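Before reading on, take a moment to look at the chain as a whole and then at its separate parts.

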Amino acid sequence: MLIDHIKKDIISRAFSVVSIRQFTFVTFLLLYLVACSTVQAGSLLKVINVIDGDTVMLKNGLTVRLLGINTPEMGYKGRAIEAGAVAAKKALKKWVLNKMVLVEYDVEQKDRYGRILAHLFLDDGQHINLEMLRSGQATLSIHPPNLRYAHRFKAMQRQAEKKKIGLWSLQAYQKKAVEDIAKNRAQGWGRFSGQVQKITRGKKGAKLWLSDEVYIWISVENKRYFLTLDSYKGKQLEVRGWPRKRGQLWSINVIHSSQILIET
């Protein structure tokens with residue numbers, strides 16, 4: 001990034017300048033550039049745009065992706081608008097647009113797209129990420145190692161599901177048989193039910209086979225966030241995630257135990 005190159009140049013210049021006044025100026029400029037590329041934890045900043053149900057833009061120009069939740073896609077770049085996307089965006093706009101929000105980080109501060117990862121709070125303490133789950137406008141999406149509020153989020157989602165409000169009232173968010181994945185070439189987030197027929201293990205991870213065509217993938221890196229693999233064997237499960245075609249097979253990558261529910 002251009003800013004990173006500027007930072008490096010400033011640092012190298014700082015060590016070659018003998019004037020205290022010049023060094024002080026260079027140090028100040030470096031700190032300013034750092035501040036422009038991030039958000040200080042605990043900062044109160046104004047939301048000037050709501051991109052979709054889980055992403056906003058702050059007055060300083062930075063984009064914030066709300067941690068712990070996921071909402072339907074708005075269909076940018078020619079893609080179809082997913083069910084519930086408009087309502088989710090409308091709900092988030094009502095809560096935060098043109099309001100001051102407190103930005104709170106977890107372990108990771110940015111995602112691979114350069115967006116700030118954070119929890120947002122209003123000045124009265126209202127937790128926006130949590131409210132999106134409580135109202136049924138978002139689904140739980142825990143991304144380790146960002147686990148703050150995970151238990152509270154799970155509880156809020158259970159309440160919304162039980163009440164069948166928001167997304168949970170829509171046909172697209174009802175549970176389907178795992179066979180529907182291959183039959184209907186499933187795309188997008190979904191809930192799929194099936195029995196674990198066998199478990200195969202490899203160096204990179206494990207596969208929980210729900211049919212001859214569909215398996216749940218748990219990587220070695222994420223294994224610690226789940227029950228022991230054998231505890232899933234033979235169980236009827238509901239898995240939540242995004243099916244992906246892998247040659248002739250279908251895979252659902254899971255990264256946290258909240259994506260797998262053992263059915264009773």
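A residue is called buried when its relative accessible area is under 20%, exposed when that area is over 50%, and partly exposed in between. With these words in hand, please keep in mind that the model you are looking at is predicted.

Let us begin with the chain as a whole, whose secondary structure comes to six helices and 16 strands. Of its 264 residues, 45% count as buried, and the accessible surface comes to about 15,100 Å², of which 55% belongs to carbon and sulfur atoms. If we take the contacts between residues at least 6 apart in sequence, 57% of them join residues that are at least 24 apart.

We can now turn to helix H3, which runs over residues 85-96 and has 12 residues. From its first C-alpha to its last, H3 reaches 17 Å, close to the 16 Å expected at 1.5 Å a residue. Which residues of H3 are buried? They are Ala 85, Ala 88, Lys 89, Ala 91, Leu 92, Trp 95 and Val 96. Seen down the axis of H3, these buried residues fall within an arc of 160°, so they line one face of the helix. On the other side of H3 we find Val 86, Lys 90 and Lys 94, which are exposed. The buried residues, for their part, pack against strands E1, E2 (55-58), E3, E5 (100-104) and E6, and also against helix H4. After H3 comes Asn 98, whose phi is positive, near 65°.

Helix H5, residues 150-163, can be read in a similar way. This helix has 14 residues and reaches 20 Å from its first C-alpha to its last, close to the 20 Å expected at 1.5 Å a residue. Its buried residues are Ala 150, Phe 153, Met 156, Gln 157, Ala 160 and Glu 161. Why can we say that they lie on the same side of H5? The reason is that they cover an arc of only 135° around the axis. On the other side of H5, the residues His 151, Arg 158, Lys 162 and Lys 163 are exposed. The partners of the buried residues include both strands and a helix, among them strand E6 (116-122), helix H4 (128-134) and strand E9 (190-195).

Most residues other than glycine have a negative phi, and most peptide bonds are trans. In the loop between E7 and H5 we find Pro 145, and the peptide bond that joins Pro 144 and Pro 145 is cis, with omega about 5°. Tyr 149 is found in the loop between E7 and H5 as well, and although Tyr 149 is a residue other than glycine, its phi is positive, near 70°. H5 is followed by Lys 164, whose phi is also positive, near 55°. Lys 164 belongs to the loop between H5 and strand E8 (176-177), and it counts as exposed because its relative accessibility is 57%.

Is His 127 buried or exposed? At 5% relative accessibility, His 127 counts as buried. Leaving aside residues up to four places away in sequence, His 127 touches His 119, Leu 120, Phe 121, Tyr 149 and Phe 153.

Next, look for the largest pocket, which has a volume of about 1,800 Å³. Of the 47 residues that line this pocket, the closest to its centre are Asn 70, Glu 73, Arg 112, Tyr 113 and Trp 242. Several strands each supply at least two residues of the lining, including E1 (44-52), E3 (63-66), E12 (214-219) and E15 (249-253).

Two single residues complete the tour. Gln 248 lies in the loop between E14 and E15, and it counts as exposed because its relative accessibility is 66%. Lys 207, in contrast, lies in strand E11 (residues 205-209) and is partly exposed, with a relative accessible area of 25%. Not counting residues up to four places away in sequence, Lys 207 touches Lys 198, Ile 199, Thr 200, Tyr 215, Ile 216 and Trp 217.

Notes. Residues numbered from 1 in each chain as written. Predicted model: local features only at pLDDT ≥ 70, side-chain atom pairs only at ≥ 80, totals over all residues. Heavy atoms only, no water. Helix = DSSP H or I, 4+ residues; strand = E, 2+ residues; numbered from the N terminus. Expected span 1.5 Å × (residues − 1). Buried < 20%, exposed > 50% of the residue type's maximum accessible area, 1.4 Å probe, protein only. Arc of directions from axis to C-beta. Contact = heavy atoms within 4.5 Å. Areas by Shrake-Rupley, 256 points an atom, 1.4 Å probe, with all protein chains shown as cover. 1 Å grid on protein atoms, 1.4 Å probe; cavity = no way out; pocket = protein on both sides within 12 Å on 5 of 7 lines; lining within 4 Å. Points joined across faces, edges and corners; volume = space filled by probe spheres on them.
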